[in-house]
Amino acid sequence: MFAPSRNLAIDLGNNNTLLTDQHKILLSEPSVLVVNEHNHKVEAVGEKAYEMFEKTHENLKPVKPLKGGVISDGDSAKKLVRELINRTGKPSFLSRGFNYLISGVPFDTTPVEQRALRDTLEQFSAHHIHLVYEPMAAALGMGLNIKEPEGKLVVDIGGGITEVVVISLSGVAAFQSVRVAGDAMDEEIQDYFRRVHNLAIGLKTAEQVKKKIGCVFEPVASQAETYCVKGKDLLEGIPVSRWINQVELSRVLERPFQQIEECIHQSLQICPPELAGDIYKSGIYVTGGNAVLKGLSERLRKIFKLPVHIDPQPLLSVSRGVSAVLSEPVRYKAILR
Ligand SMILES: Nc1ncnc2c1ncn2[C@@H]1O[C@H](COP(=O)(O)OP(=O)(O)OP(=O)(O)O)[C@@H](O)[C@H]1O
Ligand SMILES: [Mg+2]
């Protein structure tokens, strides 16, 4: 019989946290919790907390410990990770301590931001605690060979941060990032409904609209889908619904998406010429939850005139990559921090 694994890979994302061992995903939950204001007890984490978001009362405080892809509330991040690990149902983790504990971290992070993540991990006793840059992990998770001297352009459009890196020889040869990603798009949708339709909607509803009919390439009007959005009329103060169509929505998403496009453009501009030649052949690899936005592939292909590969499972790439590193930490020593 095998001894229970004492190794854990963590993708502590702005919106979703995935816990994985060397073999499989143990848990995937939203990176949110709800705390009782009176006794500071955690009332709910993950999916259950997400359901309660924007529906709590004054005693219950919803908390999102990450902003812009990094920890903005250290105490809550510690609670979130502890509660989620508890829920994997693997008592060996907490009672016997970890051997390897490896977490993804955005590439464009300050030492202070990385310290906050290490503090979160150091609450557990582990022999080895390491960080892996998320775009590097995403590349591995997408099955790319990061060791060869062939430039690969990886774009990760997550919830809080978009990172664009050129990877070669297990390192990052050029990068750009912008703290504009899914959350910024949701906020833009929320703001649009307020300004144009006099309709107050929550961020969860805004995200739902984006997931259902979000589009970054203006569709032909006759083929545009529509979606019914429910919220509160700002003038009358009563619950109402409004229809939005995809053409309208593609214009709403234009501003945040232009910032993401600019980020890709800048990374190509600073990319060394030999690697640019590789990217001309291999193209752009897009991952992160927002990679599945409709029209994204067409739009990037049209703007950059490069092949575009959309990750078929963009919510999993980072955790798959970190899990691969966990399986062979010695082989991937060069990318451990
Ligand atoms: N079907 C979908 N269509 C459009 N967007 C989606 C879809 N599914 C998820 N998303 C978006 O993907 C984002 C979450 O993706 P992901 O889990 O990669 O982010 P994260 O890793 O938590 O964030 P970060 O990488 O910034 O730390 C959210 O903005 C969510 O709205
Ligand atoms: Mg991510």
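How many strands form the open sheet, and in what order? There are 5, running β3-β2-β1-β9-β10 with mixed pairing; two strands pair if DSSP finds at least two bridges between them. Helices (H or I, at least four residues) and strands (E, at least two) are DSSP runs, numbered from the N terminus.

A word on conventions: this is a predicted model, where local features need pLDDT of at least 70, side-chain atom pairs count only at pLDDT 80 or more, and totals for chains, interfaces and linings use all residues. Residues are numbered from 1 along each chain as its sequence is written, while chains are lettered from A and ligands numbered from 1 in the order in which they are written.

Back to the sheet: its edge strands are β3 (25-30) and β10 (126-133), each pairing on one side only. Inside, β1 (residues 8-12) and β9 (residues 98-105) pair in the parallel sense over 3 bridges, and L8 has L101 of β9 as its bridge partner.

Now for ligand 1. It is surrounded by 22 residues, with G13, N14, G158, G182 and G289 the closest (C-beta atom, placed from the backbone, within 6 Å). Both α6 (182-197) and α7 (203-213) give two or more residues to this shell, and α7 gives the most, with 3 residues.

Here is the shell by class:

| Class | Shell around ligand 1 |
|---|---|
| Nonpolar (Ala, Val, Leu, Ile, Met, Phe, Trp, Tyr, Cys, Pro) | 5 residues |
| Polar (the others, Gly among them) | 13 residues |
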